[in-house]
Amino acid sequence: MDKRELGAFLRSRRERIRPADVGLPVGQRRRTPGLRRDEVAHLAFISTDYYTRLEQARAPHPSGDVLSGLVRALRLSDAERAYLYLLAGVELERPPGPPREVRPSILDLIQRLPQAAAIVLSATYEVLAWNDLACALMEDFSALSRRDRNLVRRAFLGPHPADGRRLYGVSDADEFSHTAALHLRGTAARYPDDQETSELIAELRSGSVEFARLWNAHDIVSRPTLCKTFAHPVVGPVAVNCDSLDIADRDQRVVIYTPEPGSPSEEAMRLLAVLGTQRMDVPG
């Protein structure tokens, strides 16, 4: 435990917060910037004396509950939270299951990609967020239940169209299924006590011979698919590059689909962008 650095860090975080940010009156007599020590202590549900000693590097080892209170009171970011726990010498508690809340900045990012289809996936392949072009290219995710927005469940358990195609008629359905199964094994290892993850895996193992075979192989490495083609019912085949950006602190991924410039697929994506998320009838 680095008491001096911990105290300095707490003080710096306290001084950056305005009283109005946490619903406190500004008042007329504030000698220091930000919050007072007693205000932080009140918000964190600890004594003012103990918080003061923390800042002065005189306090004993803080508990996990104390640190959680300080995170809330000081409005720490995920990175700041991790640093606080590191300074205090306390192991950072892992979330019980895959995080589902998407950062507002990521939500804003995918909406700022009008010429690319983008989705945010959880560690269990649930589609957590999407932009309009992703809905036009794949499916209107807003019309689906949480259960039906899980891509790995859809890949292995359907719905399966009459022609046998799976997962939006995408060209790499088999490769995706294989990769998803391997990634899901890693997810199960990171969240061994998460009931929802365990139930998903049990459902897949019992409902899909293919998934059970992949699961029992115990493989954990797979090559990502860098390009794929969607067989779209209205605009025809749409070939796209597929890039995945990890959001490490949330155990999530942003998947971005972009066509090659000047290609027929780019024209198809432009048409889809115009059509947006309107319901489109399949011809014939």
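In this predicted model, helix α2 (residues 37–44) and helix α4 (residues 64–74) have axes that come within 8 Å and cross at roughly 115°. The crossing in which α2 passes α4 is right-handed.

**Contact of α2 with α4**
- From α2, the residues Val40, Leu43 and Ala44 take part, and they meet Gly69, Leu70, Arg72, Ala73 and Leu74 of α4.
- By residue class, this contact of α2 with α4 comprises six nonpolar residues, one polar residue and one charged residue.

**Contact of α2 with α3**
- The axis of α2 also comes within 8 Å of the axis of helix α3 (residues 48–55), and the two cross at roughly 115°.
- Here too the crossing is right-handed, with α2 passing α3.
- Arg37, Asp38, Val40 and Ala41 in α2 are in contact with Thr48, Tyr51, Thr52 and Glu55 in α3.
- The residues of the contact of α2 with α3 divide into three nonpolar, two polar and three charged.

**Second largest pocket**
- The volume of the second largest pocket is about 490 Å³.
- Its lining consists of 17 residues, and Arg81, Pro95, Pro99, Asp249 and Arg250 are those nearest the centre of the pocket.
- Helix α5 (residues 78–88) supplies the largest share of this lining, with four residues.
- Of the lining residues, 10 are charged and seven are nonpolar, while none is polar.
- The second largest pocket lies between domain 1 (3–88) and domain 2 (104–275), because both domains give residues to its lining.

Notes
Residues numbered from 1 in each chain as written. Predicted model: local features only at pLDDT ≥ 70, side-chain atom pairs only at ≥ 80, totals over all residues. Heavy atoms only, no water. Axes fitted to C-alpha atoms, helices over the stretch in contact; angles between N-to-C directions. Left-handed = near helix turned anticlockwise from the far one by under 90°. Contact = heavy atoms within 4.5 Å. Nonpolar A, V, L, I, M, F, W, Y, C, P; charged D, E, K, R; others polar. 1 Å grid on protein atoms, 1.4 Å probe; cavity = no way out; pocket = protein on both sides within 12 Å on 5 of 7 lines; lining within 4 Å. Points joined across faces, edges and corners; volume = space filled by probe spheres on them. Domains from an automatic or database assignment.
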